[in-house]
Amino acid sequence: TDAVSGQFLKATLAISFFAFPVFFGISAAAPEIVATILGDTWTRTAVPLQILSLVIPLRMLDLVIPTALFGTGRADISVSNAAIAAVIMPISFFIGIQWGLVGVCYAWLAGYSVYFAISLARSLPRLGVRFRDYFRTIAGTVVISSTMLFAVHTTRTVLPEAWGTGLFSLGTLIVAGAATFGILVLVFQRDTILFVYRLVRR
């Protein structure tokens with residue numbers, strides 16, 4: 001169990017290090033991404049993209065849980081977790097659809113967050129992982145990625161109106177987000193950088 005829990009936390013760290021900054025960055029720059037890649041006619045998809053990008057990291061973190069449970073001989077927990085999701089998500093969508101596409105996206109975010117919390121509560125004890133260790137594993141990246149998201153939004157407010165939501169604006173936001181994340185990671189998460197570097201080199 002100790003070996004499984006250790007590998008599980010390492011996988012969680014690696015996934016969170018990539019998932020949160022990438023998808024929080026997409027969420028922050030969604031209007032510019034949509035306008036630049038898809039064009040102005042797709043402007044309405046920017047808000048759904050912003051919302052769904054926030055929940056994808058949770059989905060990616062959840063994907064490693066069934067494998068870890070299988071490794072400890074508790075595949076039954078994974079199956080029952082899936083059954084819980086099959087109840088929570090349709091109910092969430094039924095409520096959210098009353099407000100259209102944006103409502104469905106918010107329902108996905110809210111419903112999956114609830115399911116993810118339940119999944120952790122049921123799975124971590126079986127994996128021999130303490131809740132504080134799990135949250136400590138992802139906390140640094142979540143906080144830094146959230147700070148990056150805020151920095152991108154702040155940068156947007158000071159951009160010249162003439163830049164609109166086109167390529168120049170998108171490029172500026174990407175630079176602002178990458179610089180914020182890079183500096184904070186170098187200052188606060190050097191050990192994580194080394195760990196991910198060694199993992200990639202294998």
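Let me begin with a term: a pocket here is an open set of grid points with protein on both sides within 12 Å along at least five of seven lines, and its lining residues have an atom within 4 Å of a point. Please keep in mind that the model I am presenting is a predicted one.

I turn to the largest pocket. It holds about 160 Å³ of space. Which residues line the largest pocket? They are Pro21, Gly25, Ile26, Ala29, Ile33, Met148, Val152, Leu170, Leu173, Ile174, Gly177 and Ala178. In terms of class, this lining comprises 10 nonpolar and 2 polar residues, with no charged ones.

Three helices, α1 (2-28), α6 (131-158) and α7 (167-188), each contribute at least two residues to that lining. Of the elements involved, α7 gives the most, namely 5 residues.

Helix α7 also brings me to my second topic, its packing with α2. Helix α2 spans residues 30-37, and its axis lies 9 Å from that of α7, at an angle of about 140°. Because of that angle, α2 is classed as oblique to α7. The crossing of α2 past α7 is left-handed.

Where do the two helices meet? On the α2 side, the contact involves Glu32, Ile33 and Thr36; on the α7 side, Leu167, Ser169, Leu170 and Leu173 take part. Sorted by class, this contact has 4 nonpolar, 2 polar and 1 charged residues.

Finally, I would draw the two topics together. Ile33, Leu170 and Leu173 are among the residues lining the largest pocket, and these residues also belong to the contact of α2 with α7.

Note on methods:
Residues numbered from 1 in each chain as written. Predicted model: local features only at pLDDT ≥ 70, side-chain atom pairs only at ≥ 80, totals over all residues. Heavy atoms only, no water. 1 Å grid on protein atoms, 1.4 Å probe; cavity = no way out; pocket = protein on both sides within 12 Å on 5 of 7 lines; lining within 4 Å. Points joined across faces, edges and corners; volume = space filled by probe spheres on them. Helix = DSSP H or I, 4+ residues; strand = E, 2+ residues; numbered from the N terminus. Nonpolar A, V, L, I, M, F, W, Y, C, P; charged D, E, K, R; others polar. Axes fitted to C-alpha atoms, helices over the stretch in contact; angles between N-to-C directions. Parallel < 35°, antiparallel > 145°, perpendicular 65-115°, else oblique. Left-handed = near helix turned anticlockwise from the far one by under 90°. Contact = heavy atoms within 4.5 Å.
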